[in-house]
Amino acid sequence: MTELGVHLPISGAHASPEAILRAAETAERIGLGAVWVYERLLRPVEPIPMGGFGPPVDSPADWATVYEALEVLSYLAGRTERIALGTSVIPGLLQDPVHLARRLATIDRLSNGRLIAGIGQGWMSHEFVASGVPMTRRGAGFEEHLQAMHAVWGPDPVRFDGRFYQIPECEIGPKPVRAGSPTLVLGAGAPAALERAARLGAGLATVVFDWDMLKQSVGVFRTAAAAAGHDPDTLPLVVQVNGTVGDTPVDDRMPLTGSIEQVATDLEELDALRVDHVLWFMETPPDEQMDVLERLLAVRGTA
């Protein structure tokens with residue numbers, strides 16, 4: 001059965017250390033499967049193409065203040081006991097692979113293996129400029145970045161000789177709790193990105209906009225995984241919902257949004273797709289989110 005989760009209040013008007021901790025502790029208490037964070041380095045003051053598609057628009061005001069994703073999860077690793085701690089997602093290319101691999105392994109160790117590391121390439125040119133990384137590093141460079149991180153997570157001595165990244169023979173720790181890597185999912189939507197994640201034996205993190213698109217993406221991913229010699233059923237699948245669950249039914253709605261009863265029915269579709277985790281990125285206050293998700297869990301338990 002698909003585990004339910006929610007983004008923590010790490011950005012915008014609701015963000016504070018107290019709100020983050022209260023939300024995480026409440027999520028664990030009511031029985032959610034995971035809490036999630038995302039990463040945004042900055043908010044451009046000029047209009048930008050959102051996600052690289054469509055006409056330029058003003059970026060969300062919440063991006064002006066975003067708590068660092070991995071620092072938040074490190075803090076929560078010591079303040080929670082059972083709930084999974086996930087990133088959906090962090091742009092991996094903005095950090096070198098050795099530092100990022102060590103930071104993720106540290107959180108995985110501090111949480112006793114509860115980390116779900118969601119990693120993407122990144123898409124906003126302003127963040128690449130600020131990080132001193134060329135956007136041309138995307139694609140083949142992202143794949144090599146992941147390979148270098150796997151080398152860091154692997155047995156010592158570590159050595160990696162690539163086109164973009166080199167690691168001299170050395171010892172690097174800590175290692176993740178699970179041999180080889182922490183639980184790893186790659187942010188993907190385009191066919192090439194779906195096939196890359198599958199070929200590398202990683203899980204998939206994707207955003208749902210409509211059911212047909214989601215089912216097609218999952219099918220492409222699992223077919224490519226099998227073709228690469230991986231068992232698709234062992235690769236985790238994470239679905240993010242950019243929308244709200246509430247009390248009022250909605251006629252024209254995206255999947256997994258609307259009333260509690262509508263979403264409870266939609267969850268049967270995710271169960272049929274064998275989705276491991278679904279998470280909501282809502283705009284309502286954190287306490288309201290926890291209340292509605294607790295009631296969703298109750299309705300689902302009696303369905």
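Visitor: Why are helices α2 and α3 called roughly parallel to each other?

Guide: In this predicted model, the axes of α2 (residues 69-77) and α3 (residues 97-110) come within 8 Å and cross at roughly 20°. Angles under 35 degrees count as roughly parallel, and α2 and α3 are therefore described in that way; their crossing is left-handed.

Visitor: What makes Val 158 count as buried?

Guide: Val 158, which lies in strand β8 (residues 158-161), has a relative accessibility of 1%. Buried means under 20% relative accessible area, so Val 158 counts as buried. Leaving aside neighbours within four places in sequence, Val 158 is in contact with residues including Ala 151, Val 152, Ile 167 and Cys 170. The C-alpha atoms of Val 158 and Cys 170 are separated by 5.3 Å, although the two residues are twelve apart along the chain.

Visitor: How many residues has the largest nonpolar core, and which have the most contacts inside it?

Guide: The largest nonpolar core has 87 residues, and among those with the most contacts inside it are Leu 8, Leu 104 and Trp 280. Helix α5 (residues 140-153) gives the most to this core, with seven residues. A second, separate core of eight residues includes Trp 36, Ala 84, Val 238 and Leu 279.

How values were computed:
Residues are numbered from 1 along each chain as its sequence is written. This is a predicted model: local features need pLDDT of at least 70, side-chain atom pairs count only at pLDDT 80 or more; totals for chains, interfaces and linings use all residues. Side-chain values use heavy atoms; hydrogens and water are left out. Axes are lines fitted to C-alpha atoms, for helices over the stretch in contact, and angles run from 0 to 180 degrees between N-to-C directions. Helices (H or I, at least four residues) and strands (E, at least two) are DSSP runs, numbered from the N terminus. Angles under 35 degrees count as roughly parallel, over 145 as roughly antiparallel, 65 to 115 as roughly perpendicular and the rest as oblique. A crossing is left-handed if the near helix is turned anticlockwise from the far one by less than a right angle, and right-handed if clockwise. A nonpolar core is a set of buried Ala, Val, Leu, Ile, Met, Phe, Trp, Tyr and Cys residues joined through side-chain atoms within 4.5 Å. Buried means under 20% relative accessible area, exposed over 50%, partly exposed in between (1.4 Å probe, protein chains only). Contact means heavy atoms within 4.5 Å.
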